[in-house]
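Colleague: I would like to go through this model with you, one contact at a time.

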Amino acid sequence: MREHLLRFDKSKTYVFVDCETFNLCLNNSYNLPWQIAMIKVVAGKKIAEKDFYIKWDTDLEIGEEAARITRYSQKKMDDRGIPPEEAFPTIKDWLDNADWIIAHNMLGFDLYLIRDFYKINNLDYRHLMPKILDTNALAKGIKLGIPYREGEDSLIEYQYRMMNTRKKGVRTNLTALGRGYDIDHDYGKLHDAIVDLELNLKVWDKIKWQIEI
């Protein structure tokens, strides 16, 4: 009986999350998320989305190249930006109440930003860990032919192991996965958090049929 597998379970709430940041540093003393987007999915259907532009009280500035890649717009930030204390309650509510949290390269990047956001608010983030599904790590396991086997590792241990396994020629970035799965998407607009999440949702809909979770 395989009805317990996620691909068959229509009752779970998934929250897809993505952060766009000033740079690639993993410490909030040197980097902060200026955009945090989330999509809430139940039974394979998007039921809600949030797209926060966050104005931090910081001297950090986004570099020219990072601004170009992520399409950072100061005008959009001026028009839509809100202070972090306004964004955090919704972010916390969605993540805390999700059955599963899905992100691409979450364990290698986004988790550090989310962890620090919780810490800034004097809260522990570790209850989120068992709910994480990192599509980068899971896709790497598929491409390497190393499936997750319940009882050998915990799911989070398996994903960290895959994240840290390297093999020449194995590409699991979001664009490579989307094109590899022949997914129709506007790839020219990637690096906007919502656009990335829309693609990651499509990628997850492929991956979930290839994993025994």
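Predicted model: local features only at pLDDT ≥ 70, side-chain atom pairs only at ≥ 80, totals over all residues.

Modeller: Residues are numbered from 1 along each chain as its sequence is written, and side-chain values use heavy atoms, with hydrogens and water left out.

Colleague: How many disulfides are there?

Modeller: A disulfide is a pair of cysteine sulfur atoms within 2.5 Å. The sulfur of C25 is 14 Å from the closest cysteine sulfur, that of C19, which is too far for a bond. The count of disulfides is therefore 0.

Colleague: Is C19 buried or exposed?

Modeller: Buried means under 20% relative accessible area, exposed over 50%, and partly exposed in between (1.4 Å probe, protein chains only). C25, with a relative accessible area of 28%, is partly exposed. C19 has a relative accessible area of 5%, so C19 is buried.

Colleague: How is α5 oriented relative to α6: roughly parallel or roughly perpendicular?

Modeller: Helices (H or I, at least four residues) and strands (E, at least two) are DSSP runs, numbered from the N terminus. Axes are lines fitted to C-alpha atoms, for helices over the stretch in contact, and angles run from 0 to 180 degrees between N-to-C directions. The axes of α5 (residues 135–144) and α6 (residues 155–163) come within 8 Å and cross at roughly 70 degrees. Angles of 65 to 115 degrees count as roughly perpendicular (under 35 roughly parallel, over 145 roughly antiparallel, the rest oblique), so α5 is to α6 roughly perpendicular.

Colleague: Which residues of α6 meet α5?

Modeller: Contact means heavy atoms within 4.5 Å. On the α5 side the residues are A137, L138, K140 and G141. Their partners in α6 are Y158, Q159, M162 and M163.

Colleague: What is the angle between the planes of F8 and W209?

Modeller: Rings of Phe, Tyr and Trp (its six-membered ring) pair if their centres lie within 6.5 Å; planes under 30 degrees apart count as stacked, over 60 as edge-to-face and the rest as tilted. A search of the whole structure finds 8 aromatic pairs. F8 and W209 form an edge-to-face pair, 5.8 Å centre to centre, with the planes at 85 degrees.
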